[in-house]
Amino acid sequence: MATSPCSSSGVSSSSSSGLGADAGLEIRTRSVEQTLVPLVSQITTLINHKDKPKRSDKTLQAIQRVGQAVNLAVGRFVTVGEAIANENHELKEEMSVACIEARRAGETIAQLTDVASLDHPESDSHITIFTDKTGVVKAARLLLSSVTKVLVLADRIVIKQIITSRNKVLATMEQLEKVSSFQEFVQIFSQFGNEMVEFAHLTGDRQNDLKDEKKKARMAASRAVLEKCTMMLLTASKTCLRHPDCESARINKDGVFHRMRLALEQVIEIVTDSRPNGENEMAPISIYSGIKEFKNKVEGLRENLYFLSKENLSTMLEVILEHTEDFTDSAYTSHEHREHILELSKQAKMELEQLVSVWMQAQNQKTKDLMEDLEVAILKTCQCMNELKREVHSAATSLAADLLKYHTDHMVLKALKITGVEGNLEAVAEYTCKLSEQKEQLVEMCRLLRHVSGTEPLEITCIHAEDTFQVTGPQIISAAETLALHPSSKIAKENLEVFCEAWESQLSDMSLLLREINDVFEGRRGEKRVYLSLPRPGKHNANLKALKPVKLDTEEQAKIAKLGLELHLLTSDVDSETEKWEDQDNEIVQHGQGMSSMAYSMYLFTRGEGLLKTTQDLFHQAEIFAREGTKLASALQAFSDQVHEDDKPLLLLEAEKVISMCKQLQVTAKASAQGKSATFTKVDACILKTRNVMTLLCQLLPLCCKLLRKNKAGNGCLKPAPPWKEDRIRTGTNARTPERRVETLGIKSLENHVTNMTFLESK
């Protein structure tokens, strides 16, 4: 991501003032990003103050208070940074330089805003914020850059902690591999367990702090492996110690150690953002993402006929169709699905040929008829790709549902346990073959699901599931063989149980994964989808039964596409604004997220996708959206009682606007429409009015967030900074150890002080 703190962290307004951080610093965690938000917000307010001929004493005092408050908070912040530098000699030089720069910039801002005592603050005889705006901008830029540098350096300490913890775990694992007595094993494993708990806490915090959802999913997968393998390592090692001459027991144990080392290595790759030997990570390409990119390129022709070549489009389609061979070549794809996929692949080639033909003509002669033909060709091509996507999704998810249902009884695992205890090697061999067949089915299922997973985190989860089945299958077989060779061994029996439980757990996880994949495909967007309400038979207006469901045809979709795209962009803006709120349970945020989710499903309707299949579905959704907007207005009115008297009228005025616009939308959605033309006009009006409400919502959310921060800051009073050691030391069980002491001087302590930079903002 861009390395400026003025990015998606909610401080983009600062860019207009020329503020930015060192371009060499990359902010990868939410804690660093969010710590910068109040500082950037405050400095931006200071720089963007309105230059008026006359300034009241109140305005001058407010400006001076902000400058002094920033300087005081920076001073405390720097004190913590210097303490961190003293604790970590390898960072001392860089950290000290950044702290000196931050202190100097804070003092400069305090000097330039020392205006309340001056008779003529805009006079050239005094260098102030009014006479030297450039100086303030320079000081602000230096302050942001140096504070960001301090935070990123402090974040390196967290990374160092994780690496140190990993090294401890690896060293203890090496000891565990070499032990030859139970007594020694028990002692070392006890130490190993404590180290794994510490590593789990550190990596769990890091996982939650990561901004990149893909990295977060990879971290979750690696941590899941380590969690399950810890118990496997215990029983596999004990089995090997009990039966030291058993080859299958040794293979079983070695497999666990190998998998744990790979997972530990991946955690460090994610944390340090590096790959072994400098190799680049090759992201697997799925059919879903390929189709999405292809459609975006095709639809881009509406705006620009020359931004890509026909060869590019043809190549993209070829890659997608190559991936469909994973379905058509699979022994587990039904004959019906295979035939449909082949037919749609053929049709996609024909539609693209037609599109390219019209597109080339339009480049030479841009007539109205040709542009209309191009629009139809674009829609037909996209519609064909949607049908292909729907077909492969159906093929993958129906296979997954069938396999998961078939294997829920775990008959093969039960049989392996029974025949193992009986010492029946021949029967164990028979059932291990069946387990291998089951493993191949489940691995193929994961590969196909990855193509239709819909998001990168879900793709990674599919890959993790595939790896789990690949590895756990052979481990169950080696554990079963060990038990069959030593049928009276309690530890061998326990070991087989542990590996079978891991297999069963992964099957259970697959059911949840399948549900998530279906949610994404249907436009439910996971947790945000809870607000989407669709008509259900018998639960809504009885008149619905008499209305004939209507779908938009290709021409109508073309007319409404631009409006739908605007709605889509607005949902992204609203989602971005709601993510900036610290309190995600705030009523205003909850209603905003709900409205965004419903608007998104209405956008999908304009593309012929999602859960809203008919115009009647859309109209009902518009009614629910309007009701949610009315609830938002009530929340705004309640919030107005908590803000300063000067801000209350503005908030009440905005709430009235929301109520008025939602009432208009409700009237439109409930109005009867007879005939195709009237129905389309009603659809257009509903989406237009939804767009207008969303536009207002985009303005309201940052306003409310700003007022909330202002309210919390106590109308400009400088809040006392919390003791920077107290909270962290209290949470540590071994506060005297060097590692724990370092933890007390990490990001969180710095965060406390920058947070206290939210003070009175000039009006």
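User: Is Cys662 buried or exposed?
Analyst: In this predicted model, Cys662 has a relative accessible area of 0%, so Cys662 is buried.

User: What about Cys384, buried or exposed?
Analyst: Cys384 counts as buried because its relative accessibility is 1%.

User: How many disulfides does the count come to?
Analyst: The count comes to 0 disulfides. Cys384, for instance, is in no disulfide. The nearest cysteine sulfur belongs to Cys382 and is 9.9 Å away.

User: Switching to helices. At what angle do helix 13 and helix 15 pack?
Analyst: Helix 13, residues 425-451, packs on helix 15, residues 490-521, at about 25°, and their axes are 12 Å apart. An angle under 35 degrees counts as roughly parallel, so helix 13 is roughly parallel to helix 15.

User: Which residues make the contact?
Analyst: Helix 13 contributes Leu435, Gln438, Lys439, Leu442, Met445, Cys446 and Leu449. From helix 15 come Trp503, Leu507, Met510, Leu514 and Ile517. By class, that contact has 10 nonpolar, 1 polar and 1 charged residues.

User: And which hand is the crossing of helix 13 and helix 15, left or right?
Analyst: Helix 13 passes helix 15 in a left-handed crossing.

User: Now helix 17 and helix 18. Where are they, and how do they cross?
Analyst: Helix 17 covers residues 587-606 and helix 18 covers residues 615-640. Their axes come within 9 Å and cross at roughly 160°. Angles over 145 degrees count as roughly antiparallel, and helix 17 and helix 18 are therefore roughly antiparallel to each other. The crossing of helix 17 and helix 18 is left-handed.

User: What is the contact of helix 17 with helix 18 made of, by class?
Analyst: That contact has 14 nonpolar, 5 polar and 3 charged residues.

Key
Residues numbered from 1 in each chain as written. Predicted model: local features only at pLDDT ≥ 70, side-chain atom pairs only at ≥ 80, totals over all residues. Heavy atoms only, no water. Axes fitted to C-alpha atoms, helices over the stretch in contact; angles between N-to-C directions. Helix = DSSP H or I, 4+ residues; strand = E, 2+ residues; numbered from the N terminus. Parallel < 35°, antiparallel > 145°, perpendicular 65-115°, else oblique. Left-handed = near helix turned anticlockwise from the far one by under 90°. Contact = heavy atoms within 4.5 Å. Nonpolar A, V, L, I, M, F, W, Y, C, P; charged D, E, K, R; others polar. Disulfide = S-S within 2.5 Å. Buried < 20%, exposed > 50% of the residue type's maximum accessible area, 1.4 Å probe, protein only.
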